Amino acid sequence: MSDLKTWDYLRREAKDRLEAGGFVGGDQEAQWLVEEVSGMNSAELIASAKIFASVRATEQLNTLLERRLIGEPLQYVLGSWSFRGIDLMVDRRVLIPRPETETLVGLALIEAQRMELQPGEVVVDLGTGSGAIAIGLAAQLFEVAIWATDVDSRALEVARANVAARGRMSAGIQIVQGSWFDALPHELSGRVRLVVSNPPYIAEDEIPELPPEVIDYEPFSALVSGPTGSEHIETILLAAQDWLTDDGVVLIELDPRRAKKTHTYALSVGFAGAVIENDLTGQPRVLIARR
Ligand SMILES: C[S@@+](CC[C@H](N)C(=O)[O-])C[C@H]1O[C@@H](n2cnc3c(N)ncnc32)[C@H](O)[C@@H]1O
């Protein structure tokens, strides 16, 4: 019995280990890790501060801490992360959903409202990864037909689990595998009203700029596009011409350094109403390509 530690002791010990390991915000991370192994929320943990944790929970916390201390992203260690207030399962098969993508979904929802999207109309999330975009859209767009695609079957396993976990809310989401629009059934050609995508957009020579937490853990094929960083975005914009309705719109997340170039490309392939919108940090981040 003497080896048992209270939840409060474990939390403080985890904080000290994280801070000694150079992790800024060790206090918050320790709290999340203890919540994860205890299955309690912060209020329950306060009430249980003086209660002894089980040996199993203590060992589990130690395992999670060791993973974090060697640099694994907190989101993978926890196994879940919040996207627009929705808890999504995440692991190394998928990119960790980012705040910039929350902005992308917010702009897509505004666009959907402007377009007066009707039940049964078609929306596509290209490169769905964890399913974040499709699920974020489904939470607000009732009875719209959302197609979520990815080329990577392992990413789609995670997307399927996340969609299933949302129950009825995500009943309108269909998951299909394939490269960009090739994943979709031909009958959807000319019927897609809205495309929302966060494709890989890092250029090969920018790889050295990526922090080890990103390049050592997140899927390479979710990050890097090719020599220019624009390859996938340009493929999607060009192919979209065959899939969109006459008033269809594409929203794509991009690298701020290539916003101007992407805007020019969108105009050149037929999106006369293309505009760039900023993210929450004021960086040009989303192309809204209207025809
Ligand atoms: C930047 S991640 C975005 C994941 C998720 N949509 C999000 O925003 O968090 C890009 C996704 O595109 C997928 N992808 C890469 N190449 C693709 C292709 N040719 N066709 C479809 N999906 C592709 C990757 O597997 C990855 O899941």
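Visitor: How many residues lie between S1 and S2 in their hairpin, and which residue in the turn has a positive phi?

Guide: Two residues separate S1 and S2 in that hairpin, and Arg84 in the turn has a positive phi of about 50 degrees. Strands here are DSSP runs (E, at least two residues) and helices are runs of H or I of at least four residues, numbered from the N terminus. One caution on reading: this is a predicted model, where local features need pLDDT of at least 70 and side-chain atom pairs count only at pLDDT 80 or more, while totals for chains, interfaces and linings use all residues. Residues are numbered from 1 along each chain as its sequence is written, and side-chain values use heavy atoms, with hydrogens and water left out.

Visitor: In what sense do S1 and S2 pair, and over how many bridges?

Guide: Two strands pair if DSSP finds at least two bridges between them. Strand S1 (residues 80-83) pairs with S2 in the antiparallel sense over four bridges, and Trp81 stands opposite Leu88 in S2.

Visitor: Which residues of S2 are on the covered face, and which on the uncovered one?

Guide: In a regular strand the side chains alternate between the two faces of the sheet. In S2 (residues 86-89), Ile86 and Leu88 make up the covered face, with Asp87 and Met89 on the uncovered one.

Visitor: What is the order of the strands in the open sheet?

Guide: The seven strands run S5-S4-S3-S6-S9-S11-S10, with mixed pairing. Strand S5 (173-177) and strand S10 (275-278) stand at the edges with a single partner strand each, so one side of each has no neighbour in the sheet. On average, neighbouring strands are turned by 20 degrees against each other, direction ignored. Within this sheet, S3 (residues 122-126) and S4 (residues 145-150) run parallel and are joined by five bridges; Val123 stands opposite Ile146 in S4.

Visitor: Which strands does helix H11 touch?

Guide: H11 (residues 231-243) packs on the sheet and touches S3, S6 (192-197), S9 (244-253) and S11 (284-290). Its direction makes about 165 degrees with that of S9; axes are lines fitted to C-alpha atoms, for helices over the stretch in contact, and angles run from 0 to 180 degrees between N-to-C directions. Helix H12 (residues 259-268) lies across S10 and S11, at about 5 degrees to S11.

Visitor: Which residues have the most contacts inside the largest nonpolar core?

Guide: In soluble globular proteins, nonpolar side chains tend to be buried together. A nonpolar core is a set of buried Ala, Val, Leu, Ile, Met, Phe, Trp, Tyr and Cys residues joined through side-chain atoms within 4.5 Å. Buried means under 20% relative accessible area, exposed over 50%, and partly exposed in between (1.4 Å probe, protein chains only). The largest core has 34 residues, and Leu137, Ile146, Ile173, Leu194 and Leu251 have the most contacts inside it. Another core, of 30 residues, lies apart from it and includes Val124, Val195, Val250 and Leu254.

Visitor: Which parts does the pair of Glu157 and Arg93 tie together?

Guide: Side chains of opposite charge can pair when their charged atoms come close. A salt bridge is a side-chain nitrogen of Lys or Arg within 4 Å of a carboxyl oxygen of Asp or Glu. Glu157 forms one with Arg93, the closest N and O atoms being 2.7 Å apart. Glu157 lies in helix H8 (residues 153-165) and Arg93 in the loop between S2 and helix H6 (99-114), so the pair ties together parts 64 residues apart in sequence. Arg93 also meets Asp91 in a salt bridge (2.6 Å, N to O).

Methods. Contact = heavy atoms within 4.5 Å.
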